[in-house]
There are 2 protein chains.
Amino acid sequence: MGNQTFQFKNDIYIGSTATVVGPKEVAGPLKVSFDKSYQELYCGEATWELAERKLMSEAIDICLQKANKKNAEIDFFLGGDLLNQNITASYVAREKEIPFLGLFNACSTSMESLILAAVLIDGDFAEHVITAVSSHFATAERQFRYPTEFGGQKPQTAMYTVTGSGAAYVCKKKSKIRLVAATVGKVIDLGVTSPFNMGAAMAPAAASTIKTHLEDLKHTHKDYDAIVTGDLSSVGTPILKSILLEEGVDITKVHQDCGSLIYSSDQNVFSGGSGSACSAVVTFGHLFNKMKQGMLRRILVVATGALFNPLMIQQKQSIPGIAHAVSFEYVEN
Amino acid sequence: MGNQTFQFKNDIYIGSTATVVGPKEVAGPLKVSFDKSYQELYCGEATWELAERKLMSEAIDICLQKANKKNAEIDFFLGGDLLNQNITASYVAREKEIPFLGLFNACSTSMESLILAAVLIDGDFAEHVITAVSSHFATAERQFRYPTEFGGQKPQTAMYTVTGSGAAYVCKKKSKIRLVAATVGKVIDLGVTSPFNMGAAMAPAAASTIKTHLEDLKHTHKDYDAIVTGDLSSVGTPILKSILLEEGVDITKVHQDCGSLIYSSDQNVFSGGSGSACSAVVTFGHLFNKMKQGMLRRILVVATGALFNPLMIQQKQSIPGIAHAVSFEYVEN
């Protein structure tokens, strides 16, 4: 097997998950799958950054409540967010008092966290790990693009950052969803330079990770009921499919995208959703619900990240992408 | 043993290391310990950010040359930096084409990377892992404080960000330096709100991690020839010692600080060095050299990180700290 992919030796399970989202997300088609939502972006806090912190804090609380675990019983907290210096996760780690490993791979941090959580448990370094990621429309707009008050026009290739947080409790205790295998992505860059076209920037990385995962495990798309990318949306998705088809891999029949699932086409979200929370809240809510209902038996979630910051764009650098993949399996009773 | 601390089951070694630094560092007392240096902050590049990228890229190249390994033989690259969205490490990962796990715990990312590298190898997920972190005086000043052209006066509690990068190749092949045990830190915050007083912000986290490490392993300071903090410098060091003394732990005789070691007192660096590269270049150069000469047999390196960003300071939030510890042992032939 290639080095990028590993299958876990022990049975590692998703003990529980939780999702907390904002107004746009709860108005969308996946409404019933979220645990909690807010009707305004401030979520009752004084600033958007504090609102994002609240989303992650509550996602962790609800997740651990479902698992009937206290903070003190959790060995490690792994996670990150999009804010400069991962500040949401750091402040949440302070509040929860759980030993903390901060991670950052932009919007692919959701699966990066799950991979390293499973590694820690599989290698007997931990028994109980919580992971969480977040993003917020208003904090991301301000930081990565223009102040929302500026009212700048966006091209249709732009994406809409998901406001929300998804948390997952990973453990050895049997549940209905097992983490089976994972592929760590390489950073790939085909030269996209617009922060309003992240789908195109991330598609090549998703293609690389999917191809590597299937090859390393000698799988085809038929081994999965769904291969779900994080946030390629309507622009990146055809690019992904076309790159893979050129390399002889056809995932058309099983492909879905969290960024396309989370909003409906009449919600004015340009090409679809993005943000660290996008893959997390769709996977931990909607997709895992389908698995628990037995409607999906094996899925591959490929979280995609655009690795840029505004200063690099100003310096005319292109936007590299990365994608990390985790496969999940429905477990019969 | 407490959950925060683990001893590695297999023998995990530092196969090689490399350090590349800037003008201030190579003018300091540890001059002979660095592999390469530049006489100006641009390092021959068009921007400071590109200069920082060059430092990390070259540190990895030199490190792998010493180990006689090619990029393609390395399973994973783990690392991070201080720039928004970890952009130095991401672009370097693109160039090296090694599967990448981006990490961020501010200046403690040096030891966070080594911990997870050792976890991946100890758990049989990898055989060859490269870690690297970087920081740069000019990129950090611009991003975290004021543009240097502004010429703002600083208080004596301020620190001087180390320009440099340290890389370490971690493997199972026997070398003179073995990674023995590690403690993952908790985020701790006693309410410091000034980005010009990071030593005080980080000292409580260092105290917590050191106390936990010693307790978990039933060790005292006598088990170590040196307990070396990352970048507490002249302000944080007395705070660390005093917190630990109050809790009955006396490390006075064995304590050193990378931020105090790297510059001499006549170099105008305020209270001393800081930055992700600080603990990395001092540990991977000076301290490991002392171990290879048999002058230090067992050391505990406690990398300290201040988890803030300028927006949080503007919103009157305090600065949480974190510290991750790794112990290294000299191996006889």
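Student: Where is the place of B:Ala106 in chain B?

Tutor: B:Ala106 sits in the loop between β4 (100-102) and α4 (109-122) of chain B. Helices (H or I, at least four residues) and strands (E, at least two) are DSSP runs, numbered from the N terminus. Before going on, note that this is a predicted model, in which local features need pLDDT of at least 70, side-chain atom pairs count only at pLDDT 80 or more, and totals for chains, interfaces and linings use all residues. Residues are numbered from 1 along each chain as its sequence is written, chains are lettered from A and ligands numbered from 1 in the order in which they are written, and side-chain values use heavy atoms, with hydrogens and water left out.

Student: Is B:Ala106 buried or exposed?

Tutor: Buried means under 20% relative accessible area, exposed over 50%, and partly exposed in between (1.4 Å probe, protein chains only). B:Ala106 has a relative accessible area of 2%, so it is buried. Its phi is positive, about 55°, although B:Ala106 is not a glycine.

Student: What is the phi of A:Asn68, and where does this residue lie?

Tutor: The phi of A:Asn68 is positive, near 60°, in a residue other than glycine. A:Asn68 belongs to the loop between α2 (48-67) and β3 (76-81) of chain A. With a relative accessible area of 66%, A:Asn68 is exposed.

Student: How do I check the span of a helix such as α4 of chain A?

Tutor: The expected span of a helix is 1.5 Å times one less than its number of residues. Helix α4 of chain A (residues 109-122) has 14 residues and should span 20 Å; its end C-alpha atoms are 19 Å apart, which agrees. Of the 14 residues of α4(A), 14 are buried, so the helix is largely enclosed by the rest of the structure. Just after α4(A), A:Asp124 takes a positive phi of about 65°.

Student: What does the comparison give for helix α6 of chain B?

Tutor: Helix α6 of chain B (residues 198-216) has 19 residues and reaches 27 Å from its first C-alpha to its last, close to the 27 Å expected. Since 17 of the 19 residues of α6(B) are buried, this helix is largely enclosed by the rest of the structure. After α6(B) comes B:Lys218, with a positive phi near 55°.

Student: Which residues does B:Leu101 touch?

Tutor: Contact means heavy atoms within 4.5 Å. Not counting residues up to four places away in sequence, B:Leu101 touches A:Asn105, A:Glu112, A:Leu116, A:Val184 and A:His324 in chain A, and B:Phe77, B:Leu78, B:Gly79 and B:Leu120 in chain B. B:Leu101 lies in strand β4 of chain B, and at 1% relative accessibility it counts as buried.

Student: Where is B:Asp35, and which residues does it touch?

Tutor: B:Asp35 is in the loop between α1 (23-26) and β2 (36-37) of chain B. At 36% relative accessibility, B:Asp35 counts as partly exposed. Not counting residues up to four places away in sequence, B:Asp35 touches B:Thr17, B:Ala18, B:Thr19, B:Ile62 and B:Lys66. The C-alpha atoms of B:Asp35 and B:Glu58, 23 residues apart along the chain, are separated by 9.9 Å.

Student: How much space lies in the largest pocket, and which residues are closest to its centre?

Tutor: On a 1 Å grid over the protein atoms alone, a pocket is an open set of points where a 1.4 Å probe fits, with protein on both sides within 12 Å along at least five of seven lines; lining residues have an atom within 4 Å of a point. Grid points are joined across faces, edges and corners, and a volume is the space filled by probe spheres set on the points. The largest pocket holds about 630 Å³ of space. Among the 21 residues that line it, the closest to its centre are A:Asn84, B:Asn84, B:Arg142, B:Gln143 and B:Pro310.

Student: Which element supplies the largest share of that lining?

Tutor: The largest share, four residues, comes from α10(B).
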